[in-house]
Amino acid sequence: MTLQPTPAPEQPSSAGAPGTPRPLPLWVAVLLALASGAALLLSLPPYGQWWLAPAGIAGLAAATHRRRLRGGLGVGFIAGVVLFVPLLDWTRIAAGWLPWILLSLAQAFYLGLLGMASAWLSPLTDRFRALWPLLTGLLWVAQEALRDRAPFGGFPWGRVAFSQGDAPALRVAVLGGAPLVTFIAAAAGGALVALAWRTWKPRTLVPAAGFAVALAALIAGPALVPTAKPATATQTIAIVQGNVPRLGLDFNAQRAAVLLNHVHATEALASEVKLGRKPQPDLVVWPENSSDIDPLKNQDAAQQIAQAADAIGVPILLGTVLRGDVPGEIRNASLLWQPATGPDLDQAYVKRHPVPFAEYMPMRSVARLVSDKVDLVQNMVAGTTPGIVKTPIGVVGDVICFEVAYDSIVRDTVVGGAQILATQTNNATFNEAEARQQLAMVQLRSVEHGREGLMVSTVGVSAFTGTDGEVIAATGFNVDAVVLHDMHIGGPRTLATRLGHWPELTMVALALFALLAAAPLRRRRTRGIPAAE
């Protein structure tokens, strides 16, 4: 079906003065917005229908085209609500329904801004139809760049790049990181809407064929991009998913049991190694909160961890909570625990980006009006240095939980010498959908930086990832598991690692330039001078 509004150039339109090309009827635009939000949702884990992302982007571009700015804002917001309310449902488990809805609406507002920007650019895309793929890609990158940073350090969940785990587009991460993956998928959506808009007239057949070729190239072309080849040297890594007695917020009340689960799983692995049933690992990695009891202050916890490290005979990289001298002040940290000698405090990492309203509480007095769980949140102190942990097997680039969603936090570890990537997380207060969304981020990071990765969770999903995007040995959710894998250690730095934020900054600058360039055409349109069709 082609997207063909009823032409009536001699009548006043909702897009501006008489003679202005009409947008789609409002009811059609709303239906498209609803469908677009649903398509974007289904493109992301746990659904993973990556091909729906360009379709959703195309639908939103069509729905906002030629609308007034407030109409574009409203249509984009509708799509955002359909996307983010179900996508972020897992936040309800820990925070309650009101914070979940407020967060979802806040994220939807960014898609509203995207819709407004798309409407603003309508005269430009009407006059230069070939720009539609480029401008759509640039707007999506700019929207995500803003959402990833503001407010309170941003919230990158639901980026288009994180929907492309099984798509050819994932491979371009090696060239320009997550922003370039988003650009390719969004540009494909732009080519799709350009193809569908007014393709029935004979004079549009040649441009339509061009957009069809562009669409095919954007979807299939990235498969030709070579991914990074890791180093040939390997080391055997064990990830321990000890599980928790019960899911939910009260996992913290089960701290001793959670620690013992990881201790016993590691001791069981040591027994299997001694019997020759499992290979000897060179490093063991436990998840975030595997020892929620501070082992530097609690002798019982320290003794149990030491017992596990001595049994397996290799270092354990474990997630813990370190209590500060100030009451209520804590640090979400990762410690390297050596057999015989204990914690190596020179090889520790403190989480640099605590989650606002979850790990620290901005505007606590105001937040109490929203949730009665506010005072359960202590003041988590942020770390100041990248997660570079030197182990006997090589340098581990360590990030904790949501940090894997932030481009710069992961890149800093690779620039600092990381040879493999590790994401330690705790999904016990969420659900399997959240865990699989996070695993998709680890998958992208391995391709982006040419480093094999791992994600280890208290309850799952835990897995290894290859530099080609392959997910290896993924565990189930809410089960205990120990998985061993020979990881390649190191490799050359990718172009994405070397360029850092420059691809994203360039695309954001181009998006801003396009918004400025559309201003004269909008003035012409308000005077009733129609843009070229």
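Colleague: What makes strand 10 and strand 11 a hairpin, and what is the phi of Gly460 in the turn?

Modeller: This is a predicted model, by the way. Strand 10 and strand 11 form a hairpin with five residues between them, and Gly460 in the turn has a positive phi of about 105°.

Colleague: How do you know that strand 10 and strand 11 pair, and in which sense?

Modeller: Two strands pair if there are at least two bridges between them. Strand 10 and strand 11 (residues 463–465) have three bridges, so they pair, in the antiparallel sense.

Colleague: What about strand 9 and strand 10: in which sense do they pair?

Modeller: Strand 9 (residues 420–425) pairs with strand 10 in the parallel sense, over five bridges. For example, Gln424 has Val456 as its bridge partner. Between the two strands the chain passes through helix 14 (residues 432–449), and this β-α-β crossover is right-handed.

Colleague: What makes strand 10 "mostly covered"?

Modeller: Five of its five residues are buried. In a regular strand, side chains alternate between the two faces of the sheet. Here both faces are covered: Gly453, Met455 and Ser457 are buried on one side, Leu454 and Val456 on the other.

Colleague: Now the rings. Why is the pair of Trp90 and Phe402 called edge-to-face?

Modeller: Ring centres must lie within 6.5 Å to pair, and planes over 60 degrees apart count as edge-to-face. Trp90 and Phe402 have centres 5.7 Å apart and planes at 85°, so edge-to-face it is. The pair ties together parts that are 312 residues apart in sequence.

Colleague: And why is the pair of Trp157 and Phe402 called tilted?

Modeller: Stacked needs planes under 30 degrees apart and edge-to-face over 60, so the rest are tilted. Trp157 and Phe402 sit 4.7 Å centre to centre with 50° between the planes, which is tilted. Both pairs belong to a cluster of linked rings: Trp90, Phe155, Trp157, Phe402 and Phe430.

Colleague: How do you know whether Trp90, Phe402 and Trp157 are buried or exposed?

Modeller: Buried means under 20% relative accessible area. Trp90 is at 2%, Phe402 at 8% and Trp157 at 1%, so each of them counts as buried.

Conventions: Residues numbered from 1 in each chain as written. Predicted model: local features only at pLDDT ≥ 70, side-chain atom pairs only at ≥ 80, totals over all residues. Heavy atoms only, no water. Buried < 20%, exposed > 50% of the residue type's maximum accessible area, 1.4 Å probe, protein only. Helix = DSSP H or I, 4+ residues; strand = E, 2+ residues; numbered from the N terminus. Right-handed = clockwise from strand over helix to strand, strands pointing away. Phe/Tyr/Trp six-rings, centres within 6.5 Å; stacked < 30°, edge-to-face > 60°.
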